[in-house]
Amino acid sequence: MSPIAYTGTIIAVAVVLFVWNKIPVVLVAMMVALALWATGVLTLPQALAGLGDPAVIFIASLFIVSSGLEMTGVTAWAGQLLIKGAGEESRTRLLLFTMGLVAVLTALISVNGAVAALLPVVVVIAVRLKRNASQLLMPLVFAAHAGSMLALTGTPVNVLVSEAGSDAGVGAFGFFEFALVGIPLLAGTMAIIVLFGERLLPERNGASMPSDFSRHAKTLVEQYGLASGIYQMRVRATSPYIGQTSSAVDFAAYPGLQLVAIQEGETASPLRRSLIAEGDHLLVRGEAEAAATLAADMHLAFREAVKSGEGEGTLFNQRSGLAEVVIPPRSGLIGQNVFPGMVTESGDLIVLAVQRAGAELAAAKAVEDGGGIMLQAGDTMLLQGTWKALDIHLDDPDVLVVSSPELVRRQAVPMGPGAKQAVAILFAMVLLLATGVVPPAVAGLLAAGAIILSGIMSVEQSYRAISWTTVILVGAMMPLSTAMVETGAAKMLAERLVYLVGDAGPIALLAGLFVLTAIMGQLISNTATALIVIPIGVAAAVSMGISPKPVLMSTTVAAAGAFLTPIATPTNLMVMGPGGYAFGDYWKLGLPLLIWFFVVAVFIVPLIWRF
């Protein structure tokens with residue numbers, strides 16, 4: 001068999017295995033790379049070159065940046081804005097807001113960057129609104145493909161056709177000139193998805209959807225009876241408590257009030273200094289009237305950020321949070337005495353309440369110098385402290401954490417610690433990508449490195465943030481493009497098609513080139529497809545005596561229509577797992593969109609750029 005025959009056979013077998021969906025897609029992709037080497041189509045370095053390709057590295061770095069935005073609450077904030085703008089009931093408004101946002105972002109930072117940034121936002125929205133992720137994620141990606149036609153920076157293909165126009169002597173395309181077709185493409189895409197998407201998309205979620213923690217704090221304070229009885233009061237400059245020790249704080253004159261803890265003003269962690277200072281906070285539990293009397297007598301100020309008595313806002317905010325832990329069998333804490341207001345051995349966490357069998361244990365005699373609650377297996381404790389303290393000290397075999405503080409913070413604390421730095425890093429990456437000062441892979445690596453150096457994420461967290469399935473899948477499939485070019489298979493196919501339609505007129509040429517580009521673009525990268533088709537299209541236009549500009553723009557539109565398979569683009573693969581999609585789900589919605597792209601490329605493009 002010839003190298004072209006081997007390549008065609010490998011492609012056919014891979015497509016069958018992808019459609020069959022019984023073998024993990026990563027294994028299929030790796031088998032494709034190894035088969036290209038085993039048949040002698042590519043050398044071993046060529047077969048494995050995709051794993052180190054700059055595009056693959058860029059995608060991996062984008063996962064880190066995206067996770068950094070999620071960890072700091074930027075995505076939670078964006079999700080809240082989307083929900084607020086679209087409403088919780090209107091599917092149409094939610095889709096329009098989401099698709100519009102990803103399209104604009106795509107025009108600035110490319111399809112991969114926009115989808116990677118908004119993917120966790122949309123997943124959180126799906127969880128929060130109890131909608132199927134499959135109904136939202138594919139529209140996100142397909143709108144990003146349409147949005148890539150809004151500006152020169154939307155996709156590498158735009159840059160390639162602009163340079164090709166300049167080389168052909170007809171002039172390069174302007175930065176926003178692509179929007180002349182990009183706007184109709186995006187409008188049509190939105191209309192098709194809104195009108196037919198619900199019926200054409202499956203109703204399912206990914207295998208591992210996150211829990212909805214948006215109301216987590218409210219649930220905990222209500223379960224532990226703290227919803228209307230916790231107050232955080234700031235020590236004013238005139239307070240008699242200034243200069244006193246913690247033990248000097250006596251609530252004997254205020255029946256019904258209990259001192260839970262004294263917190264440092266700057267860090268919100270339990271007071272470690274021996275004396276109370278201005279700006280420190282008293283965490284008090286009890287009746288509202290008694291708390292108001294205490295505040296007036298001792299010159300204390302209620303926390304301004306929340307209304308007095310809203311326990312979840314007092315205990316759960318940007319600086320500090322809550323965690324529920326269970327005492328497991330054989331825990332070293334069994335038999336130890338604890339009491340509400342007790343500070344743990346680390347000095348960073350406060351015990352707010354203890355429950356046994358779902359009921360709060362009375363602790364009237366639970367004082368530090370005696371008594372208390374003796375812990376048993378199965379007891380639950382509500383702990384409060386800074387987010388950093390919760391992350392560090394709950395990694396303890398003596399307790400089981402019910403819900404990870406890190407996951408809770410990501411969803412429930414918009415614009416939390418490090419959010420400003422994360423936004424600045426994202427803006428800098430967008431600027432680098434938009435200006436082209438450095439290659440995309442370099443911009444992505446610089447942004448990922450800044451996320452780690454700024455302390456937003458640790459190195460270990462960055463490893464976990466990367467979707468290795470997507471990275472390996474993309475890298476393993478890239479050699480297929482190389483094989484198509486090296487063997488001459490792609491060029492032979494393109495030349496034969498142009499030969500068949502070239503004499504039928506310019507419209508037929510556009511149609512033929514669109515079909516060729518669209519078909520190849522479902523199997524290999526649209527950039528590789530464009531590199532193959534562009535020179536053939538320009539040559540055909542010159543031989544027919546027409547302008548290459550409409551041919552180039554039509555090819556660009558066809559390359560953007562990568563809708564029919566999950567392997568068509570990295571972004572199609574990104575949403576496959578979270579959306580719970582199968583290989584055959586893509587073409588159902590993708591085909592109507594591809595038909596619309598065909599109409600624009602073949603009939604609208606010549607009206608804007610004349611032959």
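This is a predicted model: local features need pLDDT of at least 70, side-chain atom pairs count only at pLDDT 80 or more; totals for chains, interfaces and linings use all residues.
**Close-up A. An aromatic cluster of F142, F563 and F597.** F142, F563 and F597 belong to one aromatic cluster. The count of aromatic pairs comes to 8. Two of these pairs are taken up in the next two views.

**Close-up B. The edge-to-face pair Y231 and F302.** A pair of aromatic rings is described by the distance of the centres and the angle of the planes. For Y231 and F302 the values are 5.9 Å centre to centre and 70° between the planes. The pair links distant parts of the chain. Y231 sits in strand β1 (residues 230-235), and F302 sits in strand β4 (residues 300-302). The two residues are 71 residues apart. Y231 has 3% relative accessibility, so it counts as buried. F302 has 28% relative accessibility and counts as partly exposed.

**Close-up C. The pair F598 and F603.** The ring centres lie 6.4 Å apart. The planes stand at 80°, so the pair is edge-to-face; the cut-off for that class is over 60 degrees. F598 is partly exposed, at a relative accessible area of 26%. F603 is partly exposed too, at 45% relative accessibility.

**Close-up D. K549 over the face of F173.** Here a lysine meets an aromatic ring. K549 lies 4.8 Å from the ring centre of F173.

Close-up E. At 16% relative accessibility, T487 counts as buried, because buried means under 20%. A polar atom of the T487 side chain lies 2.7 Å from the backbone oxygen of A483. The T487 side chain also reaches the backbone nitrogen of A489, at 3.4 Å.

**Close-up F. A nonpolar surface patch of about 620 Å².** The patch is made by L34, W37, L44, L48, L51, W468 and I472. I472 is placed in helix α18. At 30% relative accessibility, I472 counts as partly exposed.

Conventions:
Residues are numbered from 1 along each chain as its sequence is written. Side-chain values use heavy atoms; hydrogens and water are left out. Patches are made of residues with over 30% relative accessible area and no salt bridge: like charges are joined within 9 Å, nonpolar side chains (Val, Leu, Ile, Met, Phe, Trp, Tyr) within 5 Å. Accessible areas come from the Shrake-Rupley method with a 1.4 Å probe; for residues, only the protein chains shown count as cover. A salt bridge is a side-chain nitrogen of Lys or Arg within 4 Å of a carboxyl oxygen of Asp or Glu. Helices (H or I, at least four residues) and strands (E, at least two) are DSSP runs, numbered from the N terminus. Buried means under 20% relative accessible area, exposed over 50%, partly exposed in between (1.4 Å probe, protein chains only). Rings of Phe, Tyr and Trp (its six-membered ring) pair if their centres lie within 6.5 Å; planes under 30 degrees apart count as stacked, over 60 as edge-to-face and the rest as tilted. A charge sits over a ring if NZ of Lys or CZ of Arg is within 6 Å of the ring centre and within 35 degrees of the ring normal. A polar contact is a pair of N or O atoms within 3.5 Å; within protein, one must be able to donate a hydrogen and the other to accept it, and residues adjacent in sequence count only if both atoms are side-chain atoms.
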